[in-house]
Amino acid sequence: MTHLKSKARRTAVWLGAAALALSFIAGPVQAQKKFVLGAAYQGLSRPINVAGQDGARKGAKETGVELRETDAQDKFDKQLNDVQDLISQGVDGLLIWPADSGAAIAFIRMAKNAGIPVIAVNTPFGTPDPANPLKPADGLAGFVTWSDLDAGRFSAMSVNEHYAGTKKPIQIAVLEGRSGYVSVRLRRELFDKTLTELGLPFKVVGAQPGDWTQEKGEAVCQNFIAANPELDAIYSMSDEMSVGCSRAVKAAGSKVKIFSVAGSAKGLDLIRSGDMISTVCHQPADNGYLAVKAMVDILKGGKWKTDVATISPSPRITKANLADCVAQW
């Protein structure tokens, strides 16, 4: 009997040791894999994109993923090389702020061949569906953005509000972003459409790209003011360009009013000082953060979001509600 108890004890000890050994062996297999994400930014010389980078880094820190970053310097050819390099490194997912909307479709094919999901950030890939402009392009795992439709619509509402009751057509010049961005077309289409629907008489007397920069914005606005002595308003598609544009307006001693998009700290300061009428509050850091979170969810088995974009809020901002916009860039 004693012999049987001793044998049982030895068996129990052996089984316990075996179980412990197996737990050490299984441990690394069961541990959560650390995902590696590639973040291909369109141009980190611009503050709005740096804010997106900040948000992506915050998301990466919270989710415990590694973020490998590239800067296309607003050149598609460079971004093409950047994405190829990230794919060759074997990243698990790609977040892309496209430097060229139309050409960005190539990234979907490249990533598909490598079995890597792609999420577009801020700017659409390809030509949006007119019936659903914010739908992610075919092949994307998701699209995180603000509403460029609202940007145009809200800017038009601000113009209409400022010039309410005017009978003479308002002369408006449009300071566009960089050529090749779908957002430029969407912001313009909804601007014109909304003004027409609201019944405000207006005439667009000029439209030129300011390439999203203060310097180009200032130069283009100088041209607008010189070429159109009766110019009433400038619709600027970015606060960064509006900063330069406001310098041009002041230097010319003009009474032209600026209506803008993007909600930067500098833009809010212009509204506060009376040098700009309105903006639309974009949250680029939120978009970077949400893109990382969405990709991590997909890599853990979540569904691709292919029917509709993830839209960050972008309220219309005037002097009356400045507190509603917390600038992220």
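Are C221 and C245 buried or exposed? Both of these cysteines are buried (under 20% relative accessible area, where exposed is over 50% and partly exposed is in between, with a 1.4 Å probe and protein chains only). The close-ups below come from a predicted model, in which local features need pLDDT of at least 70, side-chain atom pairs count only at pLDDT 80 or more, and totals for chains, interfaces and linings use all residues. Residues are numbered from 1 along each chain as its sequence is written, and side-chain values use heavy atoms, with hydrogens and water left out.

**View 1. A disulfide joins C221 and C245.** Their sulfur atoms are 2.1 Å apart, and a disulfide here is a pair of cysteine sulfur atoms within 2.5 Å. The angle about the S-S bond is -95°, making this link left-handed. C221 sits in helix α7 (residues 214-227) and C245 in helix α8 (residues 239-252), so the bond ties together parts that are 24 residues apart in sequence. Helices are DSSP runs of H or I with at least four residues, strands are runs of E with at least two, and both are numbered from the N terminus.

**View 2. C281 and C325 form a disulfide.** Here the S to S distance is 2.1 Å, and the link is right-handed, with 75° about the S-S bond. This pair links distant parts of the chain, 44 residues apart: C281 is in the loop between β10 (278-280) and α10 (284-299), while C325 is in the segment after β12 (316-318). C281 is buried at 2% relative accessibility, and C325 is buried too, at 6%.

**View 3. K78 and D82 form a salt bridge.** A salt bridge is a side-chain nitrogen of Lys or Arg within 4 Å of a carboxyl oxygen of Asp or Glu. The closest N and O atoms of this pair are 3.2 Å apart. Both residues belong to helix α3 (residues 76-88), and because they are 4 residues apart, about one helical turn separates them. K78 is partly exposed, at 28% relative accessible area, whereas D82 is buried, at 9%.

**View 4. R247 pairs with E218 in a salt bridge.** Their closest N and O atoms are 3.1 Å apart. R247 is partly exposed, with a relative accessible area of 34%.

**View 5. R46, D74 and R178 are linked in a network of salt bridges.** Across the structure, the salt bridges number 17.
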